[in-house]
Structure formats: C-alpha cells, structure tokens
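Dear colleague,

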Amino acid sequence: MNSSIVPLLCSFLVLFASSASAFNITKILSEYPDYSNFNDLLTKTGLASEINTKSTITVLAIPNGAIGDLTSKSKDVVKRILTTHVVLDYYDQMKLEQMNKTTKLTTMFQQSGKAAQDQGFLNVTAKDNSFVFGSAVKGAQLNSRLEKSVMSQPYNISILGISQAIVTPGIDGAAFAPEVAPPPEAHAPASSKKSSPPAEQDLFDVNKEMFIYS
C-alpha cells in the first residue's frame, strides 16, 4: 500500500469514529448527581445506546425528586415514556428564547413507529418567563417546566432539566381517545294530536237527537 495513503486512511477512520459517536449520554449525566435515577433508567432500558447513535439531539432530563413511579413500571413502558423526552433536534435555552409561539417537537417515540395520534410529538411554549413542555396529544397538559440548561454541545447535544415527567396519554398501553365534541342533542319531534273517534255513547246521543227532530 502506498505510504501516503496510510495517514489519509487513518484520518478518515478517526473522523468516522468520532462522527458515529459524537457523545456518551451516560458519561455526561454521570457528572450531574441530580439526574442519576434518570441516567440509570436510560441505561437499563437500552435507550442510552440509541441516543449515542444520534448526531443531533435534545434530552429533557427528569430530576431524582420528580422521577415518581417510573422505576416501578415495566422496562418497555419506561422506555416508551423516556423516548418522548428525547427530541430529534438541537434546542438550548437560547434557541427556545427565539421562539415566539408554541412549537411542535419530534421525539424518538415518533421514530419508533409505535406512536399514534400525536403521541410522538411534544409542544413547547413560553410561559411566565420560562418554558413549559407537554404531549402534543389533544387534551394533554403543558405542565413540565424548564428548570435549567444542564449542558450543551452545539449543535450535537443539549440537556435541559425539566420539573416533572411528561405525561403522554395512552403511552403506557391504556386505551385513550382524543377529545371530541359531543354529538348534538336529539330533539323529539313535536307530537301531533289526533282526534279520537267518537265514543259509542256519543254516537247514540246524536242519532237520538236526529230522530226527535225528524
């Protein structure tokens, strides 16, 4: 092999390796003890390794005090819930501040092919000098508040700390239906009064009077 090609080949391999794994989410979060439970769940569900294959991503990290009952759910359900906390784009606090209306974000759950009726999307909007996140499913609430920017590596990865887990209706396997307007109230047709046939006694009285005056 030509000696001049070897350095070029090595450089290509190094570049390929660095682009294939731009970051290690487990290692990054290990430096932030407040998110240790969230980090453990990413590892146990295998989601961490999937996150590491992405080149551009935003992770909405849940602090230990707000992890709630996630640790008691099945691995499959936990993974589905956590994939809605991984946005397939780069958003840091500065980029959020440039928004002037509610923005729809695409999550890893949308990419899974299991999402239905906007389950794979989030809405984010400015509120009270901060930002709130919530499922884009109709009727879901935007009540997970941005607490801080944990870290960012433009434009590969951003980790934003949020106040609580985002609840996506039906993602745990329970049946759900989007809000629909109730059907119009049916009104009974107006009843038409029909004249009842004359009683037998009435007919007798009429015939009697006709006989008297004849």
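How much space lies in the largest pocket? The model is predicted, with pLDDT of at least 70 needed for local features and 80 or more for side-chain atom pairs, while totals for chains, interfaces and linings use all residues. Residues are numbered from 1 along each chain as its sequence is written, and side-chain values use heavy atoms, without hydrogens and water.

The largest pocket holds about 240 Å³. A pocket here is an open set of points on a 1 Å grid over the protein atoms alone, where a 1.4 Å probe fits, with protein on both sides within 12 Å along at least five of seven lines; lining residues have an atom within 4 Å of a point. The volume is the space filled by probe spheres set on the points, which are joined across faces, edges and corners. Of its 15 lining residues, D69, L70, K73, I81 and V167 are the closest to the centre.

The second largest pocket has about 190 Å³ of space. Helix α5 gives four residues, the largest share of this lining; helices are DSSP runs of H or I of at least four residues, and strands are E runs of at least two, numbered from the N terminus.

Helix α5 (residues 75-83) also packs against α3 (residues 36-44) at about 115 degrees, the axes being 10 Å apart. Axes are lines fitted to C-alpha atoms over the stretch in contact, and angles run from 0 to 180 degrees between N-to-C directions. In this contact (heavy atoms within 4.5 Å), F38, L41, L42 and K44 of α3 meet K75, V78 and L82 of α5.

Yours sincerely
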